[in-house]
Amino acid sequence: MVCTDNIDFTIPLQPAADRRMIKFVLMVNRQGQTRLSRYYHSVELSRRAALEADVVRYCLSRKKDQCSFVEYKDFKVVYRQYAALYIVVGITDSENELSIYELVHNFVEVLDKYFSRVSVYFSLQSELDIMFNLDRVHIILDEMIQNGHIVETNKSRILAPLTAIDKMVES
Amino acid sequence: MSDVVEKTLTALPSLLSLDSHPGSAKLSSTSKLGNLIRGITELTSKHEEEKLIQHELLAIKEQVSSPNTTMMKELMVRSIYCEMLGYEASFSYIHAIKLAQQGTVLEKRVGYLAVSLFLNESHELLLLLVNTVLKDLQSTNLIEVCMALTVVSQMFPKDMIPAILPLVEEKLNHPKEIIRRKAVLALYKFYLIAPNQVQHIHNKFRKALCDKDPGVMTASLHIYLQMIQENPDAYKDLTPSFVTILKQVVGGKLPMDFNYHTVPAPWLQIQLLRILALLGKNDQSTSEVMYEVLDESLRRAEMNHNITYAILYECVKCIYTIHPKSDLLEKAAKCIGNFVLSPKINLKYLGLKALTYVVQQDPKLALQHQMTIIECLDHPDLIIKRETLELLFRITNAQNVTVIVEKMLEFLCISEDDHTTIDLVGKVAELAEKYPLKYNEWFIETMNTVFSLGGDMMQPDIPNSFLKLLSEGFDSVEEDRKLKLFAVNSYVPLLRGEPGKLPQRFLQVISWVLGEYSHLREDLEPAEVLSLLAKLLDMKNSSSETKSWVLMAMTKLCKGGTDASVTQEVSETYSSSLDTVLRQRAHELQYLSQDPELRARVLPRGSCGNFAFVSEALAAGAAPYKPPHQRQEELDQSKALSLEPYGLSLPISMSSCSITDRQSPTLLSMSSGLSGDTLKLDGVKRVWGREGYLAQREPVEEAAQVEVPSPIQSPGRQGEGDSLHSQTPTQTPTPEPEQEKQQLASSLFVGLASQSSVSLMGKSEPTPQRFRRKAKGQGPGSSFNASEQISSSLISPPSAVDNLLCNNLLDSNNASELAEQTSQLSQRLTTANGTCHTEAELTEPDTKGCNPALRRDNCVVAADPGPHDDPGRLTEVCLDSYLPAELSGLSHSEIAPLCANQSLNLSACHVQKEDSLILVVFIINSSESAIQQMLPAGEMTSHSVAVGQYSLTVKRPAVHVEVVGTVSYQLPAGTSQSLQFSYKVPLTSFIRPFVVSTEEYGTMWLSFSHDTKQNLTLINDNQEPLTATLNALKKKLQLHVVEVIGMEGIVACRLLQDLPCLMHCRVNAGWLAVWLRSPVPDLPDCLIYHCQRALQSL
């Protein structure tokens, strides 16, 4: 059967995880310094700094009235600014940019709820919040995004494991 | 702002107390971590950072080995900092694992966190985590179980899954929702990394989907989205469940805490919409289940908030992916309108993205928003501009290609991003090559810009396919020569200028073209070309690859004699080169330049040996070439749309109804009506469109005309003679820039409009133009002459009457003679497309000069059988009895009236014989008098019937084959008359089974050059789908099923007499992927059309 051996016109299926996913989440300040980074696809440590610098430079160069979604190499970047802090999310092209844009806000609201701030988003001080509580911010993020997918968006459920830990530590 | 600061400051103490050392606010800022953080915030240079972190790493390393675990958590966070800044802290990895193993609750969590941050999924240290996970999964402390499940769903060694799988499965029944939810997510991870390991628990996924807790259900959707993506057919039965879930979510049935800004679980809605889109794609009955909920989603999401727009976007995509429903499409289109018109830039972007997605289905939508699109094209934000170009790329046709390419090139000049450049250059090249009528200066100039801008970054296939295109040439020798001459003419000045600035790839292209074709320019001395080429060799930045191209070109050019000195010098220089390839080339140059006879044999002029290997490889069974950017598009499946025509309402409007692979981004090319003329570039040709949307028009001939369009003379209308009514009478004087935009719009959106569509520009009615120019870019192998499309030969005249009729009445020679008068006419012999014959075609200017008889002939096609109401009708009924005896046993088509005048009635039918198709024409003399001199001699008495039969063969396939003939006769009064008729036969009547063995099939398959691929619907009745579908095709189309092996089947048929077409079928993801190959151009395309119809009509 010569002919069938030669025939392969199936479209190679990439894992869905690669097709529609969040590639990374970054928190950076206005000076372009990384305050948090989480990658959902493997990027070598040595390449991360350069990638972050590139992406951040690009986002920082944009004006307020410009689109919050930018293209970077073969992926898209969604960013949102909170005072001095930028939250930058790398996504694949087929992801829904606006839903990610709002996911960022949900994340911020969760952080806000946890750090008991009312209606004030991040300021310079809360950049320090992030820095002093890097582990907790990571734990919160892990409840929301796994393997590049949004796994939980319900605020109280996101915080449940962490508050449980806090309670145990206190007692 | 002061308010903010105040609040922040008052909150500060509480913040600091959150640190793991309760009440140690002060300590925190003076601790090691506090020092590090302060150090980091005060950094001013990369150098300082390095110093700080290296120092920190040393300190951590020292402390980490001391057994003081109370410090361990802090040490881990410090290590995380170092890694975050890009400094490896690999010594701490093992300690992270230890911390996860031994620490108290928070320490354990940080240990797990550090592990997930530090290690990648294949890291060997991960194995050391397995025991800890195992222990924690069995812990009585729910928090520990939770942590273990979290880390498992982030990363776990594939091989160790069996060790913990039973424990994780057990957790699916846990009373706590959070445990069940995390267990489902862990199983999702297992499914991602090792799908086989969790095959047996699919029913448990179903249980999770039906879990009473919405969180657990949501988690299970990840698994379902993934599985449905891989095999939508297996989960169709779940559609009602997903619909019900979405209905409940949209209806606000979830607890309040799932809301985000009063919108119920928006991300869950989005996830469900994605699942529904996958399930409803190409499946009418499944789609019908979801129409209601989609309508409701659209309605509910009217709140003005970003998140509702995000849902709407997903909803619109879903509506345009599933089987269409007109009122939903309308609402979705309106929705997109709101997006693109929004002043919010993020919404505008999303609107453009949605539009890019849907124009592939409905180009009319682009037309509705044309002015917005024009504005976006000039938008100051490059991202918007870029997205607009993406949209334009998808609506490109032969009429707007020049403008769109121009816009793309403009963007290329300002873009600094390499990735964008590579991508856009690829797209420009693709567009430039797709429209053969543009193969003129425009093409060469565009490609020159592509080569200059794309530089050495672009995909290597671009120069390759450009050279291939040039070398293969066209049918028309003159065109061929002209194009090559354009190329030569444009390159010579480039080389005379500053060739040092040109990219290497471009120089290679130039060298090759000059080597092959510079002889076409008579005023150019080979010696000059040689010296220009030699100059390239001396340039410092020429790569050795380029040099080798140059040397090859010189080898082709040198003739000895006067050029000898240059070549001699060059070959001497390089024959001692360190580069072996160059040395080889130099030697070749030296020998061949000295031996003209040998040179003529080795390098005969005009032979493009470089490409011979391609055809050899193809013959040897290699897969046809696809450019990488095209392959990439195919990978990007989620962007691909269903391109199958929906239902049967779409008339196939061209003879070459090619339906190529569905992933091509360029499907809109067919709107030009020119696609049939393109070169056989794999995957770019596509023909389908709703009648009217993709009106076909005479292509624009001159690029210049497109570039200076005016509202009155837009390229699409040029030469149409209808410019009178194309002018919008209501047009008020518009301000200059506005007018400019309108002009741009008219040149960009030309070819998308139909008279029914809403057009902002008051576009003229497109005159349907069914005729195409002679195929220019046909492969050199094609032996078919356009003017001899149909031959009708006489078979055994059975009676004297027949004998008389054969040569005279049904004068097919006459028909082909007429056909030769204009190429269009010859085309129409085959381009008969039953569904769209209208009077309008006749008014098309090119036919003006033709024999008026032809017009009459056309009328006849469109005419209703009115003339047959009277006596003719009666005769018709009993015409059966006149069928020649040897045909009467065979099944024949219905005897259909053809045409009539006062004296003659013509009817015809066709009879399928095993090896031929017989056209039987019945001529009824309906007059009261005898008819004489039915050429060359003969007569028919009053009310008699004469029968002629003709065997038909197809030389060039079309979906429907049309036979045109003339009956000439003389009335007793002595006046000569003639009656024209035409008769249409579907191609299927010419198809016969082709009995071959599998081996023969294999050999033939490789030797056939024309192919097409398409996914067909599978028949899902009780039988095995492949067999059922093949049997249906066999029955309907008379195909021969050669062999069925597993999920694949091979089928063969022939077009009378013996033009084979082979079909390879394979079941793939619920579709029948069909690949047709034939030595005859267009045959695969026509056949696939009939296959599609055959399956749809079941």
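Here's a quick tour of chain A, plus a few aromatic spots in chain B. Keep in mind that this is a predicted model. Chain A has 7 helices and 7 strands, and 70% of its 171 residues are buried.

**Chain A overall**
- Starting at the N terminus, the elements of chain A go α-α-β-β-α-β-β-β-α-α-α-β-β-α.
- Of the contacts in chain A with a separation of 6 or more, 52% are between residues 24 or more positions apart.
- Chain A has an accessible surface of about 5900 Å², and carbon and sulfur atoms supply 51% of that.

**Around T153(A)**
- You'll find T153(A) in the loop that runs between β7 (149–150) and α7 (155–170) of chain A.
- Its relative accessible area is 16%, so T153(A) is buried, the cut-off being under 20%.
- Beyond its neighbours within four places in sequence, T153(A) touches L103(A), N106(A), I158(A) and W267(B).

**Aromatic pairs**
- Across all chains there are 20 aromatic pairs.
- One of them is Y72(A) with F75(A): the ring centres sit 5.4 Å apart with planes at 65°, so this pair is edge-to-face.
- Both partners are buried, Y72(A) at 9% relative accessible area and F75(A) at 7%.
- Y79(A) and Y86(A) make a tilted pair, because their planes are at 40°, with centres 6.4 Å apart.
- Y79(A) is buried at 8% relative accessibility, and Y86(A) is buried at 7%.
- Over in chain B, ring pairs tie F443(B), F451(B), F466(B), Y491(B) and F506(B) into a cluster.

**Charges over rings**
- R80(A) sits over the face of Y101(A), 4.1 Å from the ring centre.
- K317(B) does likewise over the face of Y357(B), at 5.1 Å from the ring centre.

Conventions:
Residues are numbered from 1 along each chain as its sequence is written. Chains are lettered from A and ligands numbered from 1 in the order in which they are written. This is a predicted model: local features need pLDDT of at least 70, side-chain atom pairs count only at pLDDT 80 or more; totals for chains, interfaces and linings use all residues. Side-chain values use heavy atoms; hydrogens and water are left out. Helices (H or I, at least four residues) and strands (E, at least two) are DSSP runs, numbered from the N terminus. Buried means under 20% relative accessible area, exposed over 50%, partly exposed in between (1.4 Å probe, protein chains only). Contact means heavy atoms within 4.5 Å. Accessible areas come from the Shrake-Rupley method with a 1.4 Å probe; for residues, only the protein chains shown count as cover. Rings of Phe, Tyr and Trp (its six-membered ring) pair if their centres lie within 6.5 Å; planes under 30 degrees apart count as stacked, over 60 as edge-to-face and the rest as tilted. A charge sits over a ring if NZ of Lys or CZ of Arg is within 6 Å of the ring centre and within 35 degrees of the ring normal.
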